[in-house]
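Let's take a walk through this structure together, one region at a time. Keep the sequence and the 3D view side by side as you read.

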Amino acid sequence: MKKVVFLALQYSSVSSEPNLYTDLMVTFHENGHEVYVVAPTLDDSNEISLTIEAGVKVLRVPTLKLFGGGLIQKGISNVLLPFQYKRALKKSGLSLNFDLIIIPTPPITLISLAVWLKNQSNAKLYLILRDIFPQNGVDLKLMSKNGLAYRYFRKLEKKLYQKSDSIGCMSPENINYVKRHNNYLDHTKLHLLPNWEKLTETESDKDYDEKGKIELREQYGMLDKVVALYGGNIGLPQQLENLIDLAESVRDTEDLHFLIIGWGTQKEKMKALAKEKKLDNITFLDSVTRIEFRKILKMTDIGLISLNKNFTIPNYPSKVNAYYKFKIPVLAAIDTSTDFGTQQEKIGCGLWSISGDVNSLKRNLLKLYQDEKLRHSMGQKGYDYMVNNLTPKHAYQRIAEQMKMSTF
């Protein structure tokens with residue numbers, strides 16, 4: 001048995017809102033490890049609390065607002081986060097002799113806390129690299145390479161890579177990118193750790209039959225329509241103008257409807273753009289419960305991905321796993337730096353176009369819209385790939401193998 005601590009930017013309720021990190025930590029616990037998580041409180045509580053969630057000990061810490069605020073507020077919150085966690089750990093009375101420390105990106109600021117914990121117990125440090133920052137901030141024109149902010153965060157990023165004993169990257173091109181831009185780094189640390197998703201259905205999923213799908217389509221006014229869904233963050237990285245322009249290009253196809261669910265800094269702008277174009281083939285919904293979202297996925301025909309065309313870093317959208325899980329074919333608008341499209345081609349689970357090329361995106365959408373058998377075939381291939389490669393068990397085994405942990 002190993003003693004593991006996960007330093008989280010966000011860790012939802014295991015029982016009501018599980019996500020990839022809760023599933024991974026529960027999998028560590030189920031494989032015999034003693035697991036701790038340090039994470040923000042789930043409400044506005046000002047009290048530090050220690051609870052046990054599905055066997056995982058979770059230290060909840062009051063923090064400043066980490067999501068939904070402006071850039072300056074978010075920056076201050078992330079810079080203060082390691083100090084707030086360190087103070088909470090000291091006050092908790094927990095023994096800090098960990099064997100393994102796991103941190104994800106974002107944020108990169110938790111490296112100072114990870115190094116402190118590493119020195120306390122001589123633990124190994126594993127990095128789940130999901131965000132290459134600060135370069136993504138430069139790509140989105142949120143900072144300049146000549147500015148103080150970039151230099152500060154780039155210094156932290158280098159420290160993050162240097163101090164990590166092993167680094168899990170989302171895709172082969174992620175590994176290549178880190179190698180190209182970090183020549184000082186021991187490249188043997190880098191290995192492939194794709195995003196993962198739990199396959200097990202809940203009781204509410206099992207109870208949701210064909211009649212339920214029809215009722216839900218009626219509820220949202222989408223009965224007898226082919227539904228193209230985007231669900232997730234609506235911000236600069238996603239450049240949902242791709243989907244607004246796509247919806248405009250097929251506005252005369254009356255039985256094809258777009259459903260956009262989520263929130264983010266660009267949400268109101270996208271709604272205003274759709275209204276300006278007088279598009280009645282798009283429905284916007286605010287964030288829904290996880291149970292409701294799973295029901296919507298079950299009635300979806302096409303899953304949409306959109307990435308900002310200006311990215312020079314190879315992003316790999318995690319939301320695609322939800323499409324795989326529910327056997328939904330993928331239609332993606334992506335930048336030229338990612339290998340997401342080529343990976344989808346290998347799997348055979350969808351079609352892609354370069355972000356901003358609305359004509360190509362339209363052609364690919366109509367292929368899926370017009371061919372129900374193709375949709376089913378691609379959806380099944382995505383599901384099969386996920387079963388064999390992308391479960392929490394697969395992620396756990398990759399990490400355990402890299403860290404030479406004895407319990408599998």
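Predicted model: local features only at pLDDT ≥ 70, side-chain atom pairs only at ≥ 80, totals over all residues.

Residues are numbered from 1 along each chain as its sequence is written, and side-chain values use heavy atoms, with hydrogens and water left out.

Glutamate 157 sits in helix α5, residues 148-163. Helices (H or I, at least four residues) and strands (E, at least two) are DSSP runs, numbered from the N terminus. With a relative accessible area of 5%, glutamate 157 is buried. Here buried means under 20% relative accessible area, exposed over 50%, and partly exposed in between, for a 1.4 Å probe and protein chains only.

Now look at α5 as a whole. The helix has 16 residues and reaches 23 Å from its first C-alpha to its last, close to the 22 Å expected at 1.5 Å a residue; that expected span is 1.5 Å times one less than the number of residues. Its buried residues are Tyr150, Phe153, Arg154, Leu156, Glu157, Leu160 and Tyr161. They cover an arc of only 160 degrees around the axis, which puts them on the same side of α5; the arc is that of the directions from the helix axis to the C-beta atoms. An α-helix has 3.6 residues a turn, so residues three or four places apart point the same way. On the other side of α5, Leu148 and Lys155 are exposed. The cover over the buried residues of α5 includes β5, α3, β6, α4, β7 (166-169) and α6 (172-181).

Phenylalanine 133 and proline 134 are joined by a cis peptide bond, with omega about 20 degrees, and proline 134 is found in the loop between β6 (124-129) and α4 (135-139). Another cis bond runs from proline 106 to proline 107, with omega near 0 degrees. Proline 107 lies in the loop between β5 (100-105) and α3 (111-121).

Alanine 54, in the loop between β3 (49-53) and β4 (56-61), has a positive phi near 55 degrees without being a glycine. Alanine 54 is partly exposed, at 43% relative accessible area. Aspartate 224, also not a glycine, has a positive phi of about 65 degrees. Aspartate 224 lies in the loop between α8 (210-219) and β9 (226-231) and is exposed, with a relative accessible area of 67%.

How is tyrosine 21 placed, buried or exposed? Tyrosine 21, in helix α1 (residues 20-30), counts as buried at 12% relative accessibility. Leaving aside neighbours within four places in sequence, tyrosine 21 is in contact with Phe6, Tyr11, Pro104, Ile128, Arg130 and Trp196. Tyrosine 21 and aspartate 139 are 118 residues apart in sequence and 27 Å apart in space, C-alpha to C-alpha.

Notes
Contact = heavy atoms within 4.5 Å.
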